[in-house]
Structure formats: structure tokens, C-alpha cells
Amino acid sequence: MACTDAFDMPLGKAPLTYGKWLERYGPLTWVVASGKQYLIVNDYETMKELMEKRGNIYIDRDSTVLLGELIGQKTLTHRTPYGPTWRQHRRFLNRALMAPIVKRDYSAAMIRKTLAFLNALVDRPQDFLMENKKMTAELVTEISYGMIEDDEDGGHDFVKMHLDIAKISATTAEGYWVDYLPWMKHIPPWTPLAQWKRDAIKWRKQYDFARDYMFDAVKKQLLNTRGEGMPASLVRNTLQEVYSQQDSKSGEELQNDETAIKQTSFSLFRAGAETTESVIRTFLLAMTLHPEAQARVRSEIDAVIGPNRFPSVDDKGPEKMPYLEATLLESMRWNPPVSSILPHLPIRDDIFRGYFIPKGTAVVGNAWQVSRDPQLYHQPSVFNPERFLKRNENDGSLTLDTSVLSPWEFVFGFGRRICPGRDLGFQAAWITAAFVLWAFEMRAKDGMSMEDGYMATDEERFNFAAIS
Ligand code: HEM
């Protein structure tokens, strides 16, 4: 392990800088910046050792005073500290987002949204990025609530509310004095230099309104109809389950369950929309820049599905369509949506490989570096779905090569904090990919290709933001 200094802490494209530390210092780099301790982990085995094998220790999350505490984002599942509230969130989410439930309850919404996306592409192909954003934002909202607006309450635009909240997060991301001097949170809002506090109160109201708005609508409808005719959604399904146990629960327990469902459903948009959008965006980019790979996926779709029916989730899986599966895996590896995995903080002091790691250190796994590890992937910057495939010697068919590390092993994080929406996100991306290439051939504008050097380096091609 090596220590570097705060001035080396990158402001932009962090995973690339972390990757350079691997060459200089080895897999672990210790950094202290703005009074906070970070441990940057740059290889897969070490991430697994810390966040999975020692997952009971490296399980906490950090949060800032302004955004986390005063505005309330600490209550989003991915920001919730380790403890009973987080465990309750995970119990609901793990059950509600299991692969068979996703397939049974949410496939129809995914197909409906994808067909709307295809229609938009016919009319306005140049808007594909914006339409992809819209599709994934609406899909995750519908999965959370079964609808995208509450007509009875004036039809506020829920997606827009979320986008506004994302702006608040961006505005506050660089930190305020109160984040370093927590006693400042007690300063009354009317004092002359407390504009930040007045802003925080305003943002808190905006945040609380958005969090309660759709949840309250679904709850009201459920109480009025007992769920008759309501579409499946995370809120409907989990509230129904909780209400079915109301005889065995105290009023306080029911209230706690409701609060947890409200927080988890509100978290899904922040955690699930842009990440799924990223997988689809990378797939579309890869298919455009690699016409040969696109042609192989399209011929697989032609052979398995043909022109007379739509793709269906029953076609999904490496046994039926190995090349499509490998292409999506390669899209997730080529550009991991969360290039720096959210920090896992140890809940107690730990000794690892002889190094002392204090409680509260932000342990950051650099998923990007794993995706570019030449020991794991030959020519890692090259988009090559075949790296995940091998030919069956007996019948010549293709199967997944399990000796190659699947991106499933690192792009969704590790241990008990692993992404609970991974099956949902992957299935949504699969449906979009299958429908787009069933319906269209994609070509780059003006016939540009990788050979022309079009955005040829990783650094130019991807943005390395929180969601890349
Ligand atoms: C498809 C692409 C997706 C990717 C690549 C992705 C990736 C991740 C990663 C890296 C984490 C952090 C895991 C860790 O700390 O070890 C995470 C957490 C999380 N993800 Fe996803 N995610 C995706 C889709 C989704 C979807 C569709 C949902 C839900 C609708 C979702 C919900 C969550 C939640 C709630 C957490 C917080 C878990 C916790 O802190 O306990 N994600 N995701």
C-alpha cells in the first residue's frame, strides 16, 4: 500500500487517475483529502477480499451533513448507513427485485416502453440519446409505482422532480463548510451568512414532496381498491404484503415498514434509471462502431426469433442467444456504468495484509480498472463480445466461456451492498437490445467507424462521471 497526498485526489475522470496509481503504488492507495480517509482499490481480487469476503465489516456508507442529513438523501438506500433501517430496505428490495419477479411483473412494462422507444427512433433517430434517457427514467418510475404521474394530484411530473433533485445533488457535491464543521448545522437560518441553510430548508421541502408524492398516491389507491386493477409495482406489491400481515404487527412496525417502502421506492430512480440507460447507451455505441458484431447479433436474432414475432423474455439467456448475451456483457465491461463503486466503509478498525484500516475509511473499488486489466481481458480497450464465448467441441454451438471473468462479478458491486436491481437492469437492457436489432440496422452518422479514429481512446469515448 502507498500513501499519496490530497493534491493528487482527482477532480474529474477519477477512475483513470486511480488506475495510474496502480502502476505507481500497487493495488491499494491510501489518500487523505479534506480530512477524509480513502482507500482506493485497483484490482479485482483485493476488492473481493475486502468487500465480499469481509463484507460484514466493509458495509457502511458515508454521507455529507448538508446533502445527507439536512436535505435527507441519507435515507436513500444506497446512502443509508449500515443498521436496521438499511437491512429492512434490503429485505424489501431483495425480494421485490428477484429475477423471477422481474420477469413475471415487469416484462410487459419493459416491452411497452421499448416499443415507444422504437417508434420515437423511427420519427427522430437523431434524438436516440434523449429518448433512451426518457425510456429508462419512465420505466424505473413505473416499476416503482405502476404509473408515471398522479393524475388526481395535479399531475406533477415525477421524472422532472427527480431531475431537479439530481441538480441539487450536483450543486452540493463539492461540499459546504457545514460538511467539515458539523456544528454549523445548528446555525439558525435567519442569520446573515446562512444562505446555505435557507437553501437546504427549501431543497429539503422539494425532496420530501417528491419522495411522498407518488408513494401517497399508490397507497391511497391500494386502500381504496385493495389492489383490484392496479398494475404490479414495487410499492403495490410490498405494501400489499405488509398489510396482509397487519394482524401480527404493531402500529409502530407497520409505520416503519411503510417508511422503508417509501424510501426504497424513491431510491430506485436515483440508483436504477441512469445506470440502465448507460448499459443501453454503450450497447448502441458499440453496435454502431462495430458493424461486424452488430451483423452477428442481427443474424442470431433472425435465426431464433425471425421476422414474424416480437422478441420475448423467454428468448433471453446464453443458451438461446449466446452472441446477444456476450454483446451485452461486453457493453457492461467496455464501459462499466458505475466506474468507481460507491464507497464501502468498515464499521470497525481492521487489519488487512498487515495494513491498519481505520473504521470509517471510504474504500473505493475502481471497477474501471478491473475492466481494463490485461491479465483478465486481452486487449481490454477493444470491444470484442467473443472474449466471453467458446465453441462447443461436440456440436459447434457457442456457449459462455466461464474461465473469463464475467462483468457481473464486478460492475454491480460486491458483498451485501451489491446492487439489488441487477436482474432488472440487465433484463431491461436485454429487451431494448433485442428489439432494436430485431427492428433496425444501425449505422454511424456519415459512415464513421472506429478505423477513422472516431473517439478512438477510452478517455475520449467515455465520460467517467458518477454514472459513466
Ligand atoms: C443495469 C445497470 C446497473 C448497474 C451497473 C448498477 C450498479 C450498482 C452498483 C455498482 C452499486 C453499488 C454496489 C456496492 O456498493 O457494492 C449499486 C447499488 C444499488 N443499485 Fe444498482 N446498478 C444498476 C441498475 C440498478 C437498477 C435497475 C436498480 C433498481 C431499480 C438499482 C438499485 C440499486 C440500489 C437500491 C443500490 C443500493 C444498494 C445498497 O447500498 O445496499 N440498480 N448498483
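Student: Where is L97 found?
Tutor: A bit of housekeeping: this is a predicted model, where local features need pLDDT of at least 70 and side-chain atom pairs count only at pLDDT 80 or more, while totals for chains, interfaces and linings use all residues. Residues are numbered from 1 along each chain as its sequence is written, and side-chain values use heavy atoms, with hydrogens and water left out. Helices (H or I, at least four residues) and strands (E, at least two) are DSSP runs, numbered from the N terminus. With that naming, L97 sits in the loop between α4 (84-96) and α5 (99-123).

Student: Is L97 buried or exposed?
Tutor: Buried means under 20% relative accessible area, exposed over 50%, and partly exposed in between, using a 1.4 Å probe and protein chains only. L97 has a relative accessible area of 3%, so this leucine is buried.

Student: What is the C-alpha separation of L97 and D423?
Tutor: Contact here means heavy atoms within 4.5 Å, and L97 touches V102, L234, L268, P420, G421, D423 and L424, leaving out residues up to four places away in sequence. L97 and D423 are 326 residues apart along the chain, yet their C-alpha atoms are separated by 7.3 Å.

Student: Which protein residue is a donor to the iron atom of the ligand?
Tutor: Donors are N, O and S atoms within 2.8 Å of the metal (3.2 Å for Na, K and Ca), and water is not among the atoms, so sites may look incomplete. The iron has a single protein donor, an SG atom 2.3 Å away, and that atom belongs to C419.

Student: What does UniProt list C419 for?
Tutor: First, the setting: C419 is in the loop between β10 (398-400) and α15 (422-439), and C419 touches R90 and F412, not counting residues up to four places away in sequence. UniProt positions follow the numbering used here, feature names are shortened, and annotations may be inferred rather than shown by experiment. The record, an unreviewed entry, lists C419 for "binding site".

Student: How accessible is C419, as a relative accessible area?
Tutor: C419 falls in the middle class, partly exposed. The value behind that class is 25%.

Student: At what angle do α11 and α15 pack?
Tutor: Axes are lines fitted to C-alpha atoms, for helices over the stretch in contact, and angles run from 0 to 180 degrees between N-to-C directions. Helix α11 covers residues 251-289, and its axis is 9 Å from that of α15. The two pack at an angle of about 30°.

Student: Which residues of α15 make the contact with α11?
Tutor: On the α11 side, the contact is made by T276, V279, I280, F283, L284 and M287. On the α15 side it is G425, A428, A429, T432, A433, V436 and L437.

Student: Which residues does A428 touch?
Tutor: A428 lies in helix α15, and at 5% relative accessibility it counts as buried. Its C-alpha atom is 8.5 Å from that of I111, 317 residues away along the chain. Leaving out residues up to four places away in sequence, A428 touches M110, L139, T276 and I280.

Student: What is phi of R226 near?
Tutor: R226 is in the loop between α9 (195-225) and α10 (234-244), and at 72% relative accessibility it counts as exposed. Phi is positive here, in a residue other than glycine, and is near 55°.
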